[in-house]
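Have the model open as you read.

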Amino acid sequence: MKKITINASRKYDVITGPGLISQAGQLIRTALSDNAKTVCIVSDDNVSPLYRAPLKKSLTEAGFKVVSFIFPHGEPNKSLSTVSHLMEFLAGKQLTRSDALIALGGGITGDLTGFAAASYLRGVRFIQIPTTLLAAVDSSVGGKTGVNLKAGKNLAGAFWQPSLVLFDTDTIKTLPYSILLDGAAEAIKAGMIADRNLLDYIMQADSLTDPEVFTTLSDRAIRIKQAVVEADERDTGARQLLNLGHTIGHAIEKCSNFEITHGHAVAMGMAIIARAAKNLNWSREDCLSPLLAVLNKYKFPLDCPYSAAQLAEAALKDKKRTGDTITLVIPVAPGDCRLTQIPVEKLETFIQKGLA
Ligand SMILES: NC(=O)c1ccc[n+]([C@@H]2O[C@H](COP(=O)([O-])OP(=O)(O)OC[C@H]3O[C@@H](n4cnc5c(N)ncnc54)[C@H](O)[C@@H]3O)[C@@H](O)[C@H]2O)c1
Ligand SMILES: [Zn+2]
């Protein structure tokens, strides 16, 4: 069992190891350390049949009353409508401010549960139990919660830190390979931002399904996220580096009607931005070749099916736009990125430089 403590506006542990779901009741009891009586497990219809029963058993044995809210899986359901149903459900079950929510699932479950926890009764505690590699390496840590609006991804949200993160590494065994890859993309992103050795490690790894490999990825990526979040919890400066590949990635997700999943879209977005940076001579060292080498090793599809005009239009609705400029994360060397603002009208030309 590994433990990393995050010192944000709330201090909490990220615990990683096998078999954690069956110990979750006691670990959550310790983290909540007081009078929580009822917990609500929030999960989607794929994850619930796999892991809800052992979690519920463990919580019941630790003395919690357990209620469950299950929603249909998929990005279109990361919506205000699902959050509204969830909050009405919590009110119907009379959860109080001392009770807590438990997100059991991937990034979608974590983002929407966290947002409901931030809003219900003006804030209740929540626990993250990530079951995808993406949620384990990225979304379960750091307290960014939210849902999509029709205009774009994550346009409604709150900063709300969890009280505990439990990554049970056994859950990765049931994850389809393409969803495992979504998590690898975020780990590659973490390497590109801050840790060249992590990129080399992913490049040399034999298999992403090896628990030692994905545990190392989550450990290293969470440490990078920890440093960034502790320095800039509310995303006004350095934390924006974590958006490498995301402005264009979100545009790709949206243009594809979410057929292209988040990690795959971020992989394409990183390749586009690294190519543009190279063509514009904005990089100090070649970032494109090592990035393409690692993305190609894991067979990420990198041919973007959308034009620069389509992507720019979708990206400009993104929340990262500030007035007449948009902030881009530019890789300047493997393991080193910089924030650069460009005028919104230059975005299309910039993306054009990045399309092969
Ligand atoms: N808050 C943040 O900081 C942050 C960071 C990165 C990404 N995100 C968000 O995370 C979301 C993507 O997360 P995701 O890729 O985990 O998506 P997801 O939650 O939809 O999970 C992917 C799919 O895998 C299934 N699944 C989950 N765990 C499983 C398991 N153990 N076995 C079998 N199937 C399983 C789910 O039902 C779903 O169909 C996006 O909405 C993205 O915007 C948020
Ligand atoms: Zn992401």
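The C-alpha centres of domain 1 and domain 2 lie 27 Å apart; the domain bounds come from an automatic or database domain assignment. This is a predicted model, where local features need pLDDT of at least 70 and side-chain atom pairs count only at pLDDT 80 or more, while totals for chains, interfaces and linings use all residues. Residues are numbered from 1 along each chain as its sequence is written, and chains are lettered from A and ligands numbered from 1 in the order written, with side-chain values using heavy atoms and leaving out hydrogens and water.

| Item | Value |
|---|---|
| Buried area (accessible area lost by both parts together, 1.4 Å probe) | about 2,100 Å², 60% from carbon and sulfur atoms |
| Salt bridges (Lys or Arg side-chain nitrogen within 4 Å of an Asp or Glu carboxyl oxygen) | 4 salt bridges |

On the domain 1 side, L134, K153 and F159 lose the most area to domain 2, together 27% of what that side buries. D138 also forms a salt bridge with K189, with the closest N and O atoms 2.9 Å apart.

What holds the zinc ion (ligand 2)? E186 (OE), H246 (NE2) and H262 (NE2) coordinate it at 1.9 to 2.1 Å; donors are N, O and S atoms within 2.8 Å of the metal (3.2 Å for Na, K and Ca), and water is not among the atoms, so the site may look incomplete. Along the chain, the donors are spaced E-x59-H-x15-H.

Methods: Buried area = accessible area lost by both parts, 1.4 Å probe.
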